[in-house]
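Me: I would like to learn how to read the features of a model like this one. Could we go through them in turn, with the general idea before the particular case?

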Amino acid sequence: LPMATNQSVQKVIVAKILMRLFISRKEEHQIGRNMGGITHSSLSCCCGLRQNNRCCYPCTSCGNKTLFYNFDGSEVVDPLVCIFKPSKNLLRKNFVPGITIDKATLRRGLGPIEQLVYLCKYAQDNHFKVKAVGKGMSWNKITSTRDILVVMTSLNRILTPRTKKDSTTKEIEVEGGMLMKKFVKTLDKKYGLALPVVGNFLGQTVAGALSTATHGSGYHVQTMSAYVVGIRIIIGGGIQVIIRGGDETIPQCQQKLSQATFGEIVEIYSDVVLKSASVSLGAMGIIYSVTFSCVPIFHLKEARIELDMPVQKDLPFEVPENFDNLYRGPKDTYFSFFINQTPRPDPDTGFAHDAVYLQSHVTKKSPTCGGSCYTCCGWWCLPGGRGCSDSCCCQGDIAASNASAFIRKHQHCATKFNTCILDSMTKSHPFHGSYYDVLEITKGRTHVRSAEFAVPINQMEKALEDIFQITAKYKPYYAESQILPLYCRLVKADDLPLSPANKSRPDGSTVEHYMYIELPFLPGAHGVENYLNVVEEALVRKYKARPHWGKSHHLSYDTIKELYPQFETWEQVYHMFNKDKIFDNTFTVRCGFCKTEDYAYIETTKPIVACPTETTDMKIVNADDLDDTNKDYPSNPQMVNSSDVKSNSTAIVADEPAEKSINNDLTTIQS
């Protein structure tokens, strides 16, 4: 403290000392894990840290009850039954309160798929609501549930065995709980493969990115869901469904499912079902694994160039004449741009919007390395770096909070601050790196809250002009919208029924490309939902814009039906997989996918039903056939009768003799 001459620094030190007095690092880490990885001690702990001095009330972090928060702590899931985290290893216990599994099955152990199978059967028998969640990177209560929340982040392995790099294998199956960042890096290092495109943020899980139609940016690339060739989900009744492309119709698939019973595997070969399930919003079942169509690994050369977009007085906003030449490049071109919402004075035209466009091309050069210090922002500014705005020092909540406080007190500096952000992005030297390092813009250290809208590219200028007018209207009263620039990304249209980039338009026409316009807000901004609602109403009404499913939006059932001409197809698939309504939640009720009475229904005339007691074994392959990273359980398990499994062909526990394991399990069960 004596060495800290700055008063603000002293306050920070005192706050940290007081924090350490109330909560240990271990407890803080535990609370952070319960909240999807973000520590919000004041939200869940009663040890003198909760608001309004409610220290006399019991809290969740000091007891056995756990909560799940989304990534910025703005939404909490407090299920009535439990929060269950599947294990990648064999479980030999009744893992959910109230569930009863026969002793023979417990002695053998339950693999990850079996755990989900038994869970879904148990939920169906007792009319419980179930929801699978990853890192909680979405809003709108899309991860909420009433009874059981399944946190999938522990299922984080690639199931496809490793092959030689000269192999023609281009389809990779990965567990849905694996983080996108880890997935693309493992594809690169161990398989020599890459996804055709990734989003500007890689902190969500594979299943989460798939379910909400996460997208990248490029004239020739579609949303990530368009590159899915297979999905493995667990639905009500404990039925495992493998979905691949094919000619089967929805009635044929319904007939297959109607004949399936607990523990069976149903294989569906239908393009319609696969495309619908590729953007499932997590409402069709628990996604265990996803199979992507991959391409050989590639590197990108990125250029960030500053661009002025002048505003002529009494004339509509227009982009420069040669703007389309920037993104209409070769097939390996990736393009996006940032633009300030508020124009600055310009000596030539009067006003101009500052903008920076990011253009990348495939290159054979090695990745750029500006230095060895990851947390320092200095080396990012060296030749070949990406600027201070891309560093971990600047992309953090501390820097964001300071910026927000400064703009609130000095609103006239908002435009200059935005210009400074864009200036820090522009570099005279190109940046070379792996495709995921170049295409990832947001590091996830700043908990930005945003909304994003997909509009046909020919309506981009009018949509931007409307946003600028809304910003100008509220500027004297509401300075929060001035802090960050808009982020615009280009996506090729697809044919997924519930994708915001679906090529079919409400008026019967088709489009080939969409421009996603994102409005980001720094953490702590006031009135975000109301402001975004104003923008959403304007864009949806005038341009039939489609909001991003994982970000802020207020769509109703009638609006969804109007915006998505193929919504009825998606709805049929949704009702086929979710006929028992166990995967419904607040989000599906608000969107009108299910009725309120269906969601609230609880059978009270029947006793609680446990899982079936008949033994259901898994077919286990030899350990020698598995990849080094996947030896704990099979990469492609199949459920068969126990009589078909030979005792000398399985190795349930590799680290201890089978007889010793059974004796230990019997002792545990008896106790």
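Me: Is C594 buried or exposed?

Reply: This is a predicted model, in which local features need pLDDT of at least 70 and side-chain atom pairs count only at pLDDT 80 or more, while totals for chains, interfaces and linings use all residues. Residues are numbered from 1 along each chain as its sequence is written, and side-chain values use heavy atoms, with hydrogens and water left out. Buried means under 20% relative accessible area, exposed over 50%, and partly exposed in between, with a 1.4 Å probe and protein chains only. C594 has a relative accessible area of 5%, so C594 is buried.

Me: How many disulfides does the rule give?

Reply: A disulfide is a pair of cysteine sulfur atoms within 2.5 Å, and by this rule the count comes to zero. C594, for its part, is in no disulfide, and the nearest cysteine sulfur, that of C591, is 9.7 Å away.

Me: Which residues touch the most other members of the largest nonpolar core?

Reply: In soluble globular proteins, nonpolar side chains tend to be buried together. A nonpolar core is a set of buried Ala, Val, Leu, Ile, Met, Phe, Trp, Tyr and Cys residues joined through side-chain atoms within 4.5 Å. Here the largest has 75 residues, and F183, L195, Y435 and F577 touch the most other members. Its largest share, six residues, comes from helix α17 (residues 567-577), where helices (H or I, at least four residues) and strands (E, at least two) are DSSP runs numbered from the N terminus. Another core, of 38 residues, lies apart from it and has C488 among its members; C488 is buried, with a relative accessible area of 0%.

Me: What kind of aromatic pair do Y118 and F262 form?

Reply: Rings of Phe, Tyr and Trp (its six-membered ring) pair if their centres lie within 6.5 Å, and planes under 30 degrees apart count as stacked, over 60 as edge-to-face and the rest as tilted. The structure holds 26 such pairs, and the one between Y118 and F262 is edge-to-face, at 5.2 Å centre to centre with 75° between the planes. Y118 lies in helix α5 and F262 in the loop between α8 (250-258) and β10 (265-269), so the pair ties together parts that are 144 residues apart in sequence.

Me: Which residue has its charged end over the ring of Y564?

Reply: A charge sits over a ring if NZ of Lys or CZ of Arg is within 6 Å of the ring centre and within 35 degrees of the ring normal. The residue is R546, whose charged end is 4.9 Å from the centre of the Y564 ring.
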